[in-house]
Amino acid sequence: MSDSQSAAKSAETSEAQIASHWKEEGYYRPPVTFIAQANLADPEIDDRFAEANFPRCFEEYAELLSWYERWHTVLDTSDPPFWKWFVGGKLNASYNCVDRHLAKYKNKAAIIFVPEPEDEEPVAMTYQELYARVNEFAALLRDFAGLKAGDRVTIHMPMVAELPITMLACARLGVIHSVVFGGFSGEACGLRAADSGSRVLIYMDGYHRSGKLIDHKASAEIAVDVAEKEGQKIDKVLVWKRYPEKYTSATPMKEGRDFFVDEVLEKYRRARVAPVPMDAEAPLFLMYTSGTTGKPKGCQHRTGGYLAYAAATSKFIQDIHPEDVYWCMADIGWITGHSYIVYGPLAVAATAVIYEGTPTFPDAGRPWRIAERLDVNIFHTSPTAIRMLRKAGADEPAKYRYRFKHMTTVGEPIEPEVWKWYYEVVGKGQAVIVDTWWQTETGGFLCSTKPALDPMKPGSAGPGMPGIYPVILDEKGEVMSAGTGKAGNMCIRNPWPGIMQTIWGDRDRFTRQYYAKYCKDKSSKRWQDWPYFAGDGAVHAADGYFRILGRVDDVINVAGHRLGTKELESACLTVPEVAEAAVVPVADDVKGRVPEIYVSLKPGYAPTKEITDSIVGTIELMIGKIARPRKVHIVPDMPKTRSGKIMRRVLAAISNTLDTGDISTLANPDVVEQIRQAVQGKEKVATKEGPEDLKLFGKEE
Ligand code: WT7
């Protein structure tokens, strides 16, 4: 970038530090009944985790785990920004989540699986049973699939108890798992399998979702082909059966490649596999997420730091005690499920509920019936699910006799109105709420109120967590102090144990994406010189609470899940008629944001419904239904800068009926009005009021 360009850019983005017209909400205090039993009720935690005690303070987290060997160095900063935690320590994640609980809790439920069909009863699995199954499956992975520490395995499974069993069996051997969200397409799975270099895929034949039995194994066929096209041969596909007595998929099992897990397991009944002591820094898993460039990135998480962070935040922020019944209604295929269904809760001997299906199936009372039946007392979900349940059944919770002591919202900003419904109606005014802000990259929560200690403020995530020092920086890297009401870039000044190690196979991209923006001295070995750039816009209130606005990069947060605009655009460009594509976020009542697509066609093609359908179909095929656009607009031309860049910001403004701002410098300003009329009709009047993240979108271009 030339100097004049970068000057223009910072001039433009400083405009983006728009004043926020947010009304400050009042505080809600945690109920005394909650405080009386909380794991974290000692206000001295703030002193213990103050900067003067960093990084030593995090030893307290690591000490929640069982180690074969203790670390000699808490934090090694010799290779910034590739921080190393608890160096020299050895542990095993499967041992920490299973074996060590047997002495006290072997007869207690570890996992309660709730099938979607309501006529199938919930199934509880004790820690002892989990132990037996993890061992048997680990034996199969080692002796039948030939897997060993450091190998990668791709797991594409729905929400069933066999998924954590599979993950923990991998962890027992030091095999690095990469779980792909069950709702993603076979294509998406194949690309991730290839990127991670997996030669084994693990599947389930089918599962229930919204009243249908989905043929999931069908996607394995596509995944294998796609991986092979990318140069990664898959030699085994291990297939769990949803029902032991029948195979529910219509796709044939391929001789010599596909194996039913239950049949192969016969050989490994009663097997015991000693957990492999792993270095604290050995990778535990990969979790792919969308970034600003086309290809999803494999966030690589370490064993020791990650597990310590997930366990401690489960204990102190989720307030999980072994006697609680904890239900995180997220999918294990996302980071939320990894940290707060599997690793964190099981590390602290929780009873974790796993629900197979959709929250609103068969009706919006379903989650509350499950909560009543299992006597769930900790409930964790996303704003999208809360909005959906409120819309479909605002009065349903009152009909059921459950009592939550604690509830979590995570994944997107929550509107104060929705928060209040969650508090009053779902929580019946008796539960504490934590709004936890974090990311796939961060392993665990970064901002949240401490449930027994800090008051709640609807719509605000809260202050930095113990040992996390957040800061809002402007485009030049200057600190934007609390209480100004201006939006800036959310950053964390320090490393923490849960931060990812790197992007799998791409160290440069890791540094570029998260640290290049604000590191002033790349040769520095001091962590103080390497603030972590989260990619979110945020406002820092005078009381120290952070309100997260949403993404400032080319990422769209749909229902709490990240989609890269470039990923969607590349999918559109595979449709033969499409010349150019641009994806923008549009505000949606339930999902927060949904993608809308603009395309222009190659010369000689006229817009048709077939082209639109084929674009939607291609996106579903290449990414999955979650990425389904709300609308596809075929436009005569894209609004462009003189240097030919598509102005997504202008398109986003049109889709959201916001003011398009100054367009006089575009190469083709006339097309903007044409597009506006085609999308909005003649009469619509744009407004300046709207969600701030939508006004920030595309400003970086
Ligand atoms: C993005 C990360 C964190 C696990 C689930 C999503 C948004 C996350 C909050 C929150 C407002 C939030 C951010 C973040 N986000 N939590 N409490 N309030 N926004 O993980 O897919 O990596 O997405 O989700 O924009 O960057 P992810």
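Modeller: Start with a cut-off: a polar contact is a pair of N or O atoms within 3.5 Å. The model here is predicted.

Biologist: What makes the reach of the Arg 100 side chain to the backbone oxygen of Asn 96 a polar contact?

Modeller: The distance. The Arg 100 side chain reaches that oxygen at 2.8 Å. The limit is 3.5 Å, so the pair qualifies. The backbone oxygen of Leu 64 is also reached by the Arg 100 side chain, at 2.9 Å. That value is within 3.5 Å too, so it counts.

Biologist: Where is Arg 100 found?

Modeller: In the loop between helix 5 (93-97) and helix 6 (102-105). Leaving aside neighbours within four places in sequence, its contacts are Leu 64, Leu 65, Ser 66, Tyr 95 and Ala 347.

Biologist: Why is Arg 100 called partly exposed?

Modeller: Its relative accessibility is 23%. Buried means under 20% and exposed means over 50%. The value falls in between, so Arg 100 is partly exposed.

Biologist: Why is His 156 called buried?

Modeller: His 156 has 0% relative accessibility. Buried needs under 20%, so His 156 passes. The residue sits in strand 6.

Biologist: Which side chains make polar contacts with the side chain of His 156?

Modeller: The Tyr 203 side chain is joined to it at 2.9 Å. The Ser 219 side chain makes its contact at 3.4 Å. The limit is 3.5 Å, so 3.4 Å still counts. Beyond four places in sequence, His 156 touches residues including Val 180, Phe 181, Cys 189, Ile 202 and His 216.

Biologist: Ser 219 belongs to helix 10. How do you know that the length of helix 10 agrees with its residue count?

Modeller: Helix 10 covers residues 217-229, which is 13 residues. At 1.5 Å a residue, the span should be 18 Å, and the end C-alpha atoms are 19 Å apart, so the two agree. Just after this helix, Gly 231 takes a positive phi of about 90 degrees.

Biologist: What do the buried residues of helix 10 pack against?

Modeller: Their partners include strand 6 (152-157), helix 9 (186-196) and strand 8 (200-204). Among the buried residues are Lys 217, Ala 220, Ala 223 and Val 224.

Biologist: What makes helix 12 mostly covered?

Modeller: The count: 12 of its 13 residues are buried. They include Gly 304, Tyr 306, Leu 307, Tyr 309 and Phe 316.

Biologist: How many residues surround the ligand, and of which class?

Modeller: 18 residues surround the ligand, and Asp 435, Thr 436, Thr 440, Asp 536 and Arg 551 are the closest. By class, the shell has 6 nonpolar, 7 polar and 5 charged residues.

Notes. Residues numbered from 1 in each chain as written. Predicted model: local features only at pLDDT ≥ 70, side-chain atom pairs only at ≥ 80, totals over all residues. Heavy atoms only, no water. Near = heavy atom within 4 Å. Nonpolar A, V, L, I, M, F, W, Y, C, P; charged D, E, K, R; others polar. Helix = DSSP H or I, 4+ residues; strand = E, 2+ residues; numbered from the N terminus. Expected span 1.5 Å × (residues − 1). Buried < 20%, exposed > 50% of the residue type's maximum accessible area, 1.4 Å probe, protein only. Contact = heavy atoms within 4.5 Å. Polar contact = N/O pair within 3.5 Å; in protein donor to acceptor, adjacent residues only side chain to side chain.
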